[in-house]
Amino acid sequence: MSDTVINVTMDELEGRNETAKFRDGQREIKPIAERLIEGSERLGGLEGLQIKYLFAKDEMKSKGKRVLGKACKFPERDRLLHPFRFCIILDERFWQDFPNKREPLLLHELLHCGVNDEGDPVLVPHDLEEFGEVVRRYGAWANDVVLFDRQLELFASEQRKAAP
Ligand SMILES: [Zn+2]
């Protein structure tokens, strides 16, 4: 049965030439991720859990908008094939062009990776454009958050105007 799964996966990858769009990022990303996991209470559940890191050579899109990173959970059946539970894919050009934004981008994607009470990996959604922990530690670092931050600023200046 596991042979079938392997064959299907390989065929799909080769058929669409998916592998050419990605580059292994384990060596560059994992050490930074481990440091971030150590420094975050919320990410404690990820310690000892294997995450695969990839770079995307092309721009990634989600609902028509450019995204700088993606976090995905491997299906349970993949446990027969490899030890990884999550995959984090980062925009390679952004990573190269903005070294000071690597940590907030990576922390953002790591915060999407969670573990439920049974110890199973789950994807964690965010309801604002950003996780509070990323903003607390790095401030406004990406366009969406900058917008959000600007709204807060506007709100603050309205308040000032209203105040005597
Ligand atoms: Zn996100």
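# Reading a predicted fold: elements, core and loops

Author: From the N terminus on, the elements run α-β-α-β-β-β-β-β-α-α-β-β-α-α. The model is a predicted one.

Reader: How many helices and how many strands does the chain have?

Author: Six helices and eight strands.

Reader: What share of the contacts with a separation of 6 or more comes from residues 24 or more positions apart?

Author: Such pairs account for 62% of those contacts.

Reader: And burial? What part of the chain counts as buried?

Author: The chain has 164 residues, and 18% of them count as buried. In soluble globular proteins, nonpolar side chains tend to be buried together. Here the largest nonpolar core holds 24 residues.

Reader: Which members of the core touch the most other members?

Author: Ala 33, Ile 51, Ile 88, Leu 90, Leu 106 and Leu 110. Now for the elements behind them. Helix H2 (26–38), strand S2 (51–56), strand S6 (86–91) and helix H4 (102–111) each give at least two residues to this core. H4 provides the largest share, five residues.

Reader: How do I read the packing of H2 and H4? What is their angle, and how far apart are their axes?

Author: Start with the angle, then the distance. The two helices pack at about 70 degrees, and their axes are 10 Å apart. An angle of 65 to 115 degrees counts as roughly perpendicular. H2 and H4 therefore lie roughly perpendicular to each other.

Reader: Is the crossing left-handed or right-handed?

Author: Right-handed, as H2 passes H4.

Reader: Which residues meet there?

Author: H2 brings Ile 29, Ile 32, Ala 33, Leu 36 and Ile 37. H4 brings Arg 102, Glu 103, Leu 106, Leu 107 and Leu 110.

Reader: Now the loops. Where is Leu 43, and is it buried or exposed?

Author: Leu 43 sits in the loop between H2 and S2. Count C-beta atoms: 20 or more others within 10 Å makes a residue buried. Leu 43 has 20 others within 10 Å, so it is buried.

Reader: What does Leu 43 contact, leaving aside its neighbours within four places?

Author: Leu 36, Ile 37 and Leu 110. Leu 43 and Leu 110 are 67 residues apart in sequence, yet their C-alpha atoms are 7.6 Å apart.

Reader: Where is Thr 19, and is it buried or exposed?

Author: Thr 19 belongs to the loop between helix H1 (2–16) and strand S1 (22–24). Thr 19 counts as exposed because it has 9 C-beta neighbours inside 10 Å. Its C-alpha lies 9.8 Å from that of Ala 56, 37 residues away along the chain.

Reader: And His 126?

Author: His 126 is in the loop between strand S8 (121–123) and H5. The cut-off for exposed is 12 or fewer. His 126 has 12 other C-beta atoms within 10 Å, so it is exposed. His 126 and His 112 are 14 residues apart in sequence and 7.8 Å apart, C-alpha to C-alpha.

Methods: Residues numbered from 1 in each chain as written. Predicted model: local features only at pLDDT ≥ 70, side-chain atom pairs only at ≥ 80, totals over all residues. Helix = DSSP H or I, 4+ residues; strand = E, 2+ residues; numbered from the N terminus. Contact = placed C-beta atoms within 7 Å. Core = buried A, V, L, I, M, F, W, Y, C linked by C-beta atoms within 7 Å. Axes fitted to C-alpha atoms, helices over the stretch in contact; angles between N-to-C directions. Parallel < 35°, antiparallel > 145°, perpendicular 65-115°, else oblique. Left-handed = near helix turned anticlockwise from the far one by under 90°.
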